[in-house]
Amino acid sequence: MIHTLTLNPAVDKILYMKSYKKNTNNRVTRIVNSLGGKGTHVSMNLSQMGTESNAFGFAYGKNGKFILELLRKGNVNPEFIYADSMESRTCYLVVEDSGDSTLISEKGPMTTEEEILRLYSRMREKIQEGDYLILSGDSSNFADPLIYNKILEQMLGKKLKVFLDTSGEALKACIRKTPYLVKPNVEELSELVGMQLNTEEEITDAIRELEPYKIPVIAVSMGEKGSIVKMQDRMYRVSPPKVNVFNTIGCGDCFLAGLVYGIEMNFDQEQILRFATAVSASTAESPLSFGFEMERAMQLLPLIRIKEL
Ligand code: TA6
């Protein structure tokens, strides 16, 4: 079974506008309230691929109810700890006609120790040996920067395949717990290795520097330029096709969902990368921050270039 965890989910308030300029009044043409949060997006995208998942996390207030409702509608099974004492955060997505998009995210509520303990026990109860666990998104609203580490400690003995998409201190700490996959972007990887990475050569060197951690898959996303991915002892440069970009927010979440799906289906390495890149490119053509057209993704599959480095 696949499980996702979103500690700080959101309502994505998508503000569509012609163009966005600083120091001026930007007029919105349309607003859509949608599901936000990286793990919840992975679950929704997996669901579109025909794969069931449980979504764990914390949800609060009206926003929290909205998040849970959208997950259920998307055929995801929510296993959130819910309380109406606070409000789950709102993330503001500014999407311009050109396809440029900007994300402004709130910090999110401060989860209590008692709620964290409830999450631990729910996860221990529902997650079985050998399952997949995807830890995705921000945790900076938690007093403990090592919250993801603590969660992994609760799961000890279950031999989980852990997929990690986070940044900063949380990423630094969790790579010591031998996740199966990490998916940093270039900025996150730069922070991890302690130097600004500018070239593809610097990125591959940085991936090699992580060898002592024995992480089987390291997927570095480079936005519209594609990705550099280490899979077991091979390294690939993956170039996506040109698409009509509507909005790139959430492409990384769909890329991760595609990797999880491909790995679960036992695709070969190139098939996994091709599939994940195709679904992610298809997400860029969609107006929301999750979801894609499977038919379109299938058309894009042969247009993806993969080179072994
Ligand atoms: O990747 C896109 C997205 O899931 C947005 O929908 C938004 O809610 C945001 O990420 C949250 O990211 P964060 O890193 O703050 O958890």
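Student: What does Gly226 touch, leaving out residues up to four places away in sequence?
Tutor: Gly226 touches Val220, Ser221, Arg237, Val238 and Pro240. Contact here means heavy atoms within 4.5 Å. This is a predicted model, where local features need pLDDT of at least 70, side-chain atom pairs count only at pLDDT 80 or more, and totals for chains, interfaces and linings use all residues. Residues are numbered from 1 along each chain as its sequence is written, and side-chain values use heavy atoms, with hydrogens and water left out.

Student: Where does Gly226 lie?
Tutor: In the loop between strand E11 (217–221) and strand E12 (227–231). Strands (E, at least two residues) and helices (H or I, at least four) are DSSP runs, numbered from the N terminus.

Student: Is Gly226 buried or exposed?
Tutor: Buried, because its relative accessibility is 11%. Buried means under 20% relative accessible area, exposed over 50%, and partly exposed in between (1.4 Å probe, protein chains only).

Student: New topic. How many residues does helix H2 have?
Tutor: Helix H2 (residues 61–73) has 13. From first C-alpha to last, H2 reaches 19 Å, close to the 18 Å expected at 1.5 Å a residue. That expected span is 1.5 Å times one less than the number of residues.

Student: Which residues of H2 are buried?
Tutor: Gly61, Asn63, Gly64, Ile67, Leu68, Leu70 and Leu71. They sit on the same side of H2, because they cover an arc of only 165° around the axis. The arc is taken from the directions from the helix axis to the C-beta atoms.

Student: And which exposed residues are on the face turned away?
Tutor: Lys62, Lys65, Arg72 and Lys73.

Student: What follows H2?
Tutor: Asn75, with a positive phi near 60°.
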